[in-house]
Amino acid sequence: MLGIFASIVDGLLVGLVYGLAAMGITLIWGVMDVINLTHGMMIVLGMFALYVITNAFGISPYLTLPPVLIGGFLIGVALYWMCVHRLVGRPPLMSLLSTFAVNLVLVGIATGVWGTVMFNVPVSIPGITVGRYTFPGAHIVAAVLAAFIAAGLYLFLRRTRLGKAVRAVANNREAAELVGVPTTRVLAFSFGFGVSLACVSGVLIGTLFPFTVLTGDGYQLKSFIVTVLGGFGNPVGALIGGVALGLLEGLVTPFVPVSWTLVIEFVLFVLVLIAFPGGVFARRSRAL
Amino acid sequence: MKPHSLLVAAALAAAPMFAAMPANAEDTIVIGMTESQTGALNVDSVAQQRGADMWRDDLNAAGGIKVGNKQYKVKLVVYDDQSVGGRVQQLYTRLINQDHAQFLFGPYSSGLCATAAVISEQYGKLMIITGGAEAKTLELGNKYLFQAITPADYYLSGAVEALTKLDPKAKIAAVYSDDPFSKAVLAATLVQAKKAGFQVVLNESYAPSTTDFGPIVNKIISSGATAFLGGGHYPDGATLARQIHDQKAGLKWISILVAPASEKFADLKQAALGISAPSQWEPQESFTPQFGPTVADFNKRFHDKFKLAADYHAASGYVGGLLLQHAIEQAQSIDPDKVADALNKMDVTTFFGQYKVATDPKHHGLQMAHKMVLAQWQMVNGKLQRQVIWPLEAKSADAIFPIPAASH
């Protein structure tokens, strides 16, 4: 029984980080109907930023979050102008192909720089032990930080002028433009912010598990499942979706062979798409 | 006569003259192989490639392979297979048809070797496998396939034998990657473990792409296991080791396939301490070679060349070349049938250990003589190092038991 409890708690902790990772992809989708296929690579970029900065300066892994947040934002804005701006408002397939192409280029460059060997950032924070089960400190810290960042995003979207502008553009771009919202800048900001969230989640994931240049694919796939569970374009839903996915993994594993977990996840993915084509927590309006 | 007919006639007339001319290409043996420069198998495959490159450089610097009055230099043609079977199939066909490779070295991993073997046999090309341990590939009646390393069935035999001495009442959790190599290893290991009287409390495979082993580690804890046997290749093995450590799984013994045999495993720091790995070769071994470098010579020159300590993948990459070289010299020919015949007859010891393959049609090419050791990551003078702990006659240090890496 304690084993099942441990699995559920573990799933919850990791699920919060999955949720944060998916918030970036769903924010971009919600604002500009663009599926960002560089998302996985941006997560990896966060991981490598963590590795490089902690090795160069010997600082705590968590102190890398502010520079990664800013750096990720700037990279995201640059990516927006390079490969997305001209495609906003066009069929989603075009931006899908564009970001896919950029992703291939980025993976190629990253492979050239770092190869595909595994990198590890050891984090030693005391965990919590219950019976024979230990919840690692790094998992707890990552989950708490993910929850704080998600809450920050929520408050930003609800309480700040810029956040409201982002929501206005997501709701109705033309109407937002009519009332004086600089929509192009808001779109660039949203893309930058979405990428920034991906990079930050990469930092947190990098404190939990070793990683390679190719690790992002798996997390991108999980982000899609989370997005479907949480509802397309709904960042708060993404966090709930992440937790739901983590809980599912935690709940299923004690009862079935672990190799079945992925199968069950994708069966759920398909079932949700059939039952709720917009995601379980999809909003009726397009407002974020 | 039309102008183009004249050209053809002139070319035909000149052909015997060119054929009679000594061509550099004739004095070079082309050997083809693929390397996983990218993808999940990158770490071990690159190490294997370094070994093969070093053999080529050593050989060419010494003048090449002597056959009669000729000295053949070696050219390695290498492509990146991206750790993908489909690429291996395309690239080995290209190596044979476009690069005119006369001999082949297998890629890294059992799965990729099985794919490459289909192509090499189809074209009748001799291939030496130094990175594929699964025996199944060698049990299909192939004629030109030769394995230089111990087959998968025996990978964890040393760990089981060591456990019988260290903890005869150990409860074993077998958790391994769902790939041909790992499944073959664990299938054989579990038979050996049950025969030795061990209780297997968990037997599960996981997807090779798994990145979070948290739920699996919880399952290991719930099973009440005291010993862990499993893993797969580098990325999953390293992640598994770290999470077992982070979650303090309380295991007294951990043997993981492949990953801990790489020098890169030391990056895990405390999580690496006490983890043991079956190894095809360790730098502490002391074979007296009949030809080729000694262990000390290989270690030193490898380190000088790559600024890295050699691991078993690097050593196996080197020995593949060394065996082919010896077979060509024995056969005094580069005819694949004659070289294959020499490889069939060879019963030799190199710095890598013994080599002798089965020659019956059902198991042709399967390695019969080479023995593995069990190495454990230990702290030596404040630095993590692998020490040979099994078999006892080859040990360089006593085994640490119970291990500290995953205990409370």
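This is a predicted model: local features need pLDDT of at least 70, side-chain atom pairs count only at pLDDT 80 or more; totals for chains, interfaces and linings use all residues.
Residues are numbered from 1 along each chain as its sequence is written, and chains are lettered from A in the order in which they are written. Local features need pLDDT of at least 70 and side-chain atom pairs pLDDT 80 or more, while totals for chains, interfaces and linings use all residues.

Between the chains, 31 residues of chain A are in contact with 32 residues of chain B (C-beta atoms, placed from the backbone, within 7 Å). On the chain A side, H1 (2-32), E2 (133-135) and H10 (235-252) each supply at least two residues; helices (H or I, at least four residues) and strands (E, at least two) are DSSP runs numbered from the N terminus. H1(A) provides the largest share, 5 residues. This side divides into 15 nonpolar, 13 polar and 3 charged residues (Ala, Val, Leu, Ile, Met, Phe, Trp, Tyr, Cys and Pro are nonpolar, Asp, Glu, Lys and Arg charged, the others, Gly among them, polar).

Chain B is divided into domain 1 (25-150 + 285-363) and domain 2 (158-279 + 373-394), with bounds from an automatic or database domain assignment. Their C-alpha centres lie 29 Å apart, and 18 residues of domain 1 are in contact with 14 of domain 2.

The largest nonpolar core has 215 residues; such a core is a set of buried Ala, Val, Leu, Ile, Met, Phe, Trp, Tyr and Cys residues joined through C-beta atoms within 7 Å, where buried means 20 or more other C-beta atoms within 10 Å of a residue's own. H1(A) gives the most to this core, 18 residues. Leu20(A) is among the residues with the most contacts inside the core; beyond its neighbours within four places in sequence, its contacts include Ala146(A), Leu197(A) and Gly242(A).

Definitions and conventions
Two residues are in contact if their C-beta atoms, placed from the backbone, lie within 7 Å. A residue is buried if 20 or more other C-beta atoms lie within 10 Å of its own, exposed if 12 or fewer, and partly exposed in between; C-beta atoms are placed from the backbone.
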